[in-house]
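Hi everyone, thanks for coming.

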There are 2 protein chains.
Amino acid sequence: MSVDKVDTRYLETLVGYNARRAALRIIEAFIARMAVFDLRPVDFSVMSLIHHNPGITSRQLCATLGILPPNLVGMIGALEKRGLIQRERHRIDGRAMSLYATPEGTALMQQAEHEASALEVDQTGRLTAAERRTLMRLLQKVYL
Amino acid sequence: MSVDKVDTRYLETLVGYNARRAALRIIEAFIARMAVFDLRPVDFSVMSLIHHNPGITSRQLCATLGILPPNLVGMIGALEKRGLIQRERHRIDGRAMSLYATPEGTALMQQAEHEASALEVDQTGRLTAAERRTLMRLLQKVYL
DNA sequence: TATTGTTATACTCTATAACTATA
DNA sequence: TATAGTTATAGAGTATAACAATA
């Protein structure tokens with residue numbers, strides 16, 4: 001026999017389960033609304049960090065976002081090919097590459113971040129501003 | 001030039017970013033501590049739902065957990081092969097399969113859920129019990 | 001000797017199309 | 001005609017090993 005209504009009460013006591021479900025919900029909406037910019041969540045994160053940290057290296061991006069170096073190479077290459085970022089050999093450490101947003105990349109990210117922030121408010125519409133701040137603070141207490 | 005310290009302040013204003021980081025942190029610990037039971041997060045979720053919903057169908061599992069049917073088949077097959085669950089043809093709807101935890105599966109899940117709950121407390125050690133309840137409630141307000 | 005970036009490659013996860021048995 | 005489960009397969013995401021250039 002099937003069950004009338006699925007009892008999910010146990011899983012809902014787990015922070016990991018709830019955080020994953022919430023993240024997937026928001027990311028789903030993010031993908032849909034960021035399609036006009038042709039930016040996946042990971043591309044957005046990478047571009048945002050370069051935008052706010054001119055000269056950041058690939059290694060620093062990997063460490064910050066938890067991306068493995070081999071998996072970043074293609075993304076960086078694609079963003080450079082699109083004219084959104086520029087790569088320069090690091091002035092002091094010749095092994096590293098410094099990354100910069102181009103004027104086109106900067107303009108794109110100003111729009112994209114504005115849209116992302118608007119989307120966040122939409123997706124968390126059932127939360128008050130205070131609850132939203134609390135949620136952020138508690139999540140950071142978990143992973144930072 | 002690389003940057004001294006990476007500025008992540010903008011990304012940290014996004015619920016999606018924070019929820020994903022927190023979820024990944026907890027899931028990482030989950031994978032490590034559930035290895036003794038040979039249960040990945042998805043296996044744990046599936047087994048837990050079967051455990052608490054005797055007779056649940058594959059379709060109901062898919063709808064509840066957001067898994068696509070073709071991707072559930074192999075998991076169910078593996079769990080059955082391990083003797084943790086039993087599949088029976090649904091008594092009324094001959095197309096569906098009703099799923100039940102075996103005594104072995106039930107015993108395993110009692111241990112596994114106990115361990116998962118303990119792990120949750122460890123991973124959210126920087127939160128008070130009240131904060132943990134608040135976090136859960138706010139996350140559910142986002143995705144439910 | 002260690003680190004940055006890179007290539008190649010394997011592995012896992014997720015998604016799509018099409019089939020069968022039943023409703 | 002629609003749905004539950006299944007098969008095969010494609011695509012995206014993530015991981016490991018090894019290498020060249022530089023520290």
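Let's begin with the second largest pocket, whose lining has 12 nonpolar, 3 polar and 5 charged residues. Here Ala, Val, Leu, Ile, Met, Phe, Trp, Tyr, Cys and Pro count as nonpolar, Asp, Glu, Lys and Arg as charged, and the others, Gly among them, as polar.

Some housekeeping: this is a predicted model, where local features need pLDDT of at least 70 and side-chain atom pairs count only at pLDDT 80 or more, while totals for chains, interfaces and linings use all residues. Residues are numbered from 1 along each chain as its sequence is written, chains are lettered from A and ligands numbered from 1 in the order in which they are written, and side-chain values use heavy atoms, with hydrogens and water left out.

Back to that second largest pocket: which residues lie nearest its centre? They are A:Tyr17, A:Arg20, A:Arg21, B:Ser45 and B:Leu65. H1(A) gives the largest share of the lining, 7 residues.

Now the largest pocket, where 26 residues form the lining. Nearest its centre we find A:Leu65, B:Tyr17, B:Arg20, B:Arg21 and B:Leu24. This time H1(B) gives the most to the lining, with 7 residues.

How do the chains relate? Chain B superposes on chain A by a rotation of 180° with 0.0 Å of shift along its axis (RMSD 0.1 Å), which is the relation of a two-fold axis.

Note on methods:
Least-squares fit on C-alpha atoms with pLDDT ≥ 70 in both. 1 Å grid on protein atoms, 1.4 Å probe; cavity = no way out; pocket = protein on both sides within 12 Å on 5 of 7 lines; lining within 4 Å. Helix = DSSP H or I, 4+ residues; strand = E, 2+ residues; numbered from the N terminus.
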